[in-house]
Amino acid sequence: MERFMRPSNNLRDAEINIVRLRNRFAILYNMVQEVSSIWIWIIGVYFVLGTGEIELGVLITFVGYVMQLNGPMNFFSYVFRIWSESINSAERLFEIIDAIPEIREKEDPVRLEHPRGEIELKDVTFGYRAGRPVLKNINLKIREGEMLGIVGRSGAGKSTLVNLISRLYDVNEGSISIDGVDVKDLSLKDLRRNVAMVSQDTYIFMGTVAKNIAYGNESASREDIIRAAKLASAHEFISKLPDGYDTLIGASGKDLSGGEKQRISIARAILANPKILILDEATASVDTETEKAIQYSLRFLVKGRTTLSIAHRLSTLHDADRLIVIDGGRIVEEGTEEELNKLEDGIFHNLLELQNKSLSLNSELLTGAE
């Protein structure tokens, strides 16, 4: 708090000083402007009534021309402040434009034309900061068409693991390969086309519902879009929208509920038809009824694909072929749900027990309330 208060107070003082200077300038400038207008009227009335050298129409015309100068004068009085603010904004903009991306494609990348979906991690170590690894010596092989469930406490490194497979970051040590080819050697276009993610934070772009669904496959026909929406259990609510698939939705998806946005995200992934699918807490922020509808949609989505599913609700991983438990950046448990549940001192067993107790407590509370 002390470290934060010092720069916060400096910012407050600077803002107050800016406001004071602006007010002083505004008072002085407006005073000069108004006094000048008053003197023009006084002198003009004197010439009209006292000397008769000018007529009333000339005075009014002259005053009108003077008033027209106020706009340009106001602009020049504030142009320096606007210029300084524009320079600050431009600096931030050019920082982004001139930024060199950390993830770069090789000059002669390997094309992934016929992907199988086999993934292998060898001695993978990664940290967002030097000397603070989030993942440590991860060794994992995911077979073609397998559904792998990833379990662990918050902050254990689950999302980091799938982000590395998507090559949103590059590993510090070790290697990640897809179909035997290091992801660093793969074409980024092919990698993005064959690896899709459905996360709990779904981004809805400004545009129509159809364009949002077709984001990963812009050449898709309307029939393909509707088919993907039906498989994602989204067709029903889309049909009820004012313009159906042509309904405009906001950049942040404010017109849609969390479950509706999630189903559009699933339809987007179905239409993209990736070989590797990543589900990162896809049902974490929805109610139980919506979760069931989304789980039904996901059954169609995972068919024939290598799937990595991260979930805090362990009940959503019943269909997984294999589970791994990550704790402290390492894989500490691995096996089927039944095998891990037999480990009475294991993390998976304890997490499952806690969730079962929580569900039982909620049921008792609901029964008591009724």
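Guide: A contact here means heavy atoms within 4.5 Å. Leaving aside residues up to four places away in sequence, Ala 267 touches Ile 213, Ala 228, Ala 229 and Ala 232. Please note that this is a predicted model, in which local features need pLDDT of at least 70 and side-chain atom pairs count only at pLDDT 80 or more, while totals for chains, interfaces and linings use all residues. Residues are numbered from 1 along each chain as its sequence is written, and side-chain values use heavy atoms, with hydrogens and water left out.

Visitor: Where is Ala 267 placed, and is Ala 267 buried or exposed?

Guide: Ala 267 belongs to helix 9 (residues 258-272); helices (H or I, at least four residues) and strands (E, at least two) are DSSP runs, numbered from the N terminus. Buried means under 20% relative accessible area, exposed over 50%, and partly exposed in between, with a 1.4 Å probe and protein chains only. Ala 267 counts as buried because its relative accessibility is 0%.

Visitor: What does Asn 163 touch?

Guide: Asn 163, in helix 4 (residues 158-165), touches Tyr 128, Leu 168, Tyr 169 and Met 197, again not counting residues up to four places away in sequence. With a relative accessible area of 14%, Asn 163 is buried.

Visitor: With which strands does strand 3 pair in the parallel sense?

Guide: Strands of a sheet pair through backbone hydrogen bonds, either parallel or antiparallel. Pairing requires that DSSP finds at least two bridges between two strands. Strand 3 pairs in the parallel sense with strand 10 (residues 306-310) over four bridges, where Thr 307 is the bridge partner of Met 147. Strand 3 also pairs in the parallel sense with strand 11 (residues 322-327) over five bridges, and there Val 325 is the bridge partner of Val 151.

Visitor: What is the strand order in the open sheet of four strands?

Guide: The order is 2-1-4-5, with antiparallel pairing. Strand 2 (135-142) and strand 5 (181-182) stand at the edges with a single partner strand each, so one side of each is left without a neighbour in the sheet. Strand 1 (residues 119-126) joins strand 2 in the antiparallel sense over five bridges, with Leu 121 opposite Leu 140.

Visitor: How is the overall form described?

Guide: The radius of gyration is taken over C-alpha atoms, and the globule rule is 2.2 Å times the number of residues to the power 0.38. The protein has 32 Å, whereas a compact globule of 370 residues would have a value near 21 Å. The C-alpha trace spans about 110 × 60 × 50 Å along its principal axes. The secondary structure comes to 12 helices and 12 strands, and buried residues make up 37% of the 370 residues.
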